[in-house]
Amino acid sequence: MDIDVRGPRFGAAVTTVVLAVVLVTGSGWLLAAQAAVFAVGAAAGVRNSPYGWVFRTLVRPRLGPPPATEDAAPPRFAQAVGLVFAVIGVVGYAVGPQWLGMAATGCALAAAFLNAVFAYCLGCEMYLLLRRTLA
């Protein structure tokens, strides 16, 4: 199923804010909540993730039709990559070392920021590279 290209960018913008707050506050609980968002996006697709629902029901109706659509598989893979980094970060914040939580959160933040600001989805590019390599 194809998705509106603006949806993942919206989700990346919200994720960028959440992860920045995690880095500033050191909140493992907030990172765990973001991990849950990533898990839903990876399992059910970005359209059905909490940020996807907000975009679909509150934001998109005010924007009009999408300028383009994209395959949902690469952003879904990107959510799984984000989940891995978030889980590693939660472990770092919960049991240590603290730097592990910060580093994993920082990596996820960098990827979300690239997508939100420059429309460059690092996880999506990884997906496409893996598909070409395995094909």
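The largest pocket is lined by 38 residues, with Pro-8, Val-46, Pro-75, Gln-79 and Asn-115 lying nearest its centre; a pocket here is an open set of points on a 1 Å grid over the protein atoms alone, where a 1.4 Å probe fits, with protein on both sides within 12 Å along at least five of seven lines, and lining residues have an atom within 4 Å of a point. This is a predicted model, in which local features need pLDDT of at least 70 and side-chain atom pairs count only at pLDDT 80 or more, while totals for chains, interfaces and linings use all residues. Residues are numbered from 1 along each chain as its sequence is written, and side-chain values use heavy atoms, with hydrogens and water left out.

The largest share of this lining, seven residues, is supplied by H5. The lining of the largest pocket comprises 23 nonpolar, 10 polar and five charged residues, where Ala, Val, Leu, Ile, Met, Phe, Trp, Tyr, Cys and Pro count as nonpolar, Asp, Glu, Lys and Arg as charged, and the others, Gly among them, as polar.

Turning to charge pairing, the structure holds two salt bridges, each a side-chain nitrogen of Lys or Arg within 4 Å of a carboxyl oxygen of Asp or Glu. Arg-6 pairs with Asp-4, their closest N and O atoms being 2.7 Å apart, and Asp-4 also meets Arg-60 in a salt bridge at 3.3 Å, N to O. Through shared partners, salt bridges join Asp-4, Arg-6 and Arg-60 into one network.

Notes:
Helices (H or I, at least four residues) and strands (E, at least two) are DSSP runs, numbered from the N terminus.
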